[in-house]
Amino acid sequence: MALHNILGNTGEDIACRYLEERGHKILERNWHLGHFEVDIITLKDDLICFVEVKTRKSNKRGEPEEAVDYDKREAYIACANAYVRSKRRYEEVRFDIIGIVASGDDYEIHYLENAFSTVREKRRKRHEVGQVR
């Protein structure tokens, strides 16, 4: 297994423990829709949380969570729609990001609850093409 995959899996393990300690029930890990993947899906207080985990060895190039770009957010929204339809879930949905900087056995976690939403993404897209002022 490639080193970046090992780091990513370690980050997801850390994130799962972190979420479970805060009352999340892990529903899925690495759920796929075509070639898109959701790292972690949890249930917390009647919310389904779709969690993207970004793990880095350092933050020299910025915080890991900053790497979740527009395309990744759009993919998460599409995955969420497919997931709730396929699993017949009716809870509200939230999109979270966990950024982890891991160095040896030490790590730092940044947890961004409600990091983005479908409404904000639609507004951002309209603004990018000049439809919102």
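This is a predicted model: local features need pLDDT of at least 70, side-chain atom pairs count only at pLDDT 80 or more; totals for chains, interfaces and linings use all residues.

The mean pLDDT of the protein is 85, and 84% of the residues score at least 70. Confidence is highest in strand 1, residues 25–33, with a mean of 95, and lowest in helix 3, residues 118–128, with a mean of 52. Over residues 129–133 the pLDDT is below 50, and this stretch makes four contacts in the model beyond near neighbours in sequence.

Let us return to helix 2. Which of its residues are buried? They are Tyr70, Arg73, Ala75, Tyr76, Ile77, Cys79, Ala80, Ala82, Tyr83 and Val84.

In soluble globular proteins, nonpolar side chains tend to be buried together. Here, the largest nonpolar core has 16 residues, and Ile41, Phe50 and Phe95 have the most contacts inside it. At least two residues of this core come from each of strand 2 (36–44), strand 3 (47–56), helix 2 and strand 4 (92–103). Helix 2 gives the most, with seven residues.

Phe50 deserves a moment. Leaving aside residues up to four places away in sequence, Phe50 touches Val38, Ile40, Ile41, Tyr76, Ala80, Tyr83, Val93, Arg94, Phe95 and Asp96. Apart from this core lies another, of 15 residues, including Ala15, Cys16, Val51 and Val53.

Now to the cysteines. Is Cys16 buried or exposed? Its relative accessible area is 7%, and buried means under 20%, so Cys16 is buried. Cys49 has a relative accessibility of 0% and therefore counts as buried as well. How many disulfides does a search of the whole structure find? The search finds zero.

Finally, I turn to Asp13, which is found in helix 1, residues 3–21. With a relative accessible area of 34%, Asp13 is partly exposed, because that class lies between 20% and 50%. Asp13 and Ile40 are 27 residues apart in sequence, and their C-alpha atoms are 9.9 Å apart in space.

Thank you for your attention.

Note on methods:
Residues are numbered from 1 along each chain as its sequence is written. Side-chain values use heavy atoms; hydrogens and water are left out. pLDDT is the predictor's confidence in each residue, from 0 to 100. Helices (H or I, at least four residues) and strands (E, at least two) are DSSP runs, numbered from the N terminus. Contact means heavy atoms within 4.5 Å. A disulfide is a pair of cysteine sulfur atoms within 2.5 Å. Buried means under 20% relative accessible area, exposed over 50%, partly exposed in between (1.4 Å probe, protein chains only). A nonpolar core is a set of buried Ala, Val, Leu, Ile, Met, Phe, Trp, Tyr and Cys residues joined through side-chain atoms within 4.5 Å.
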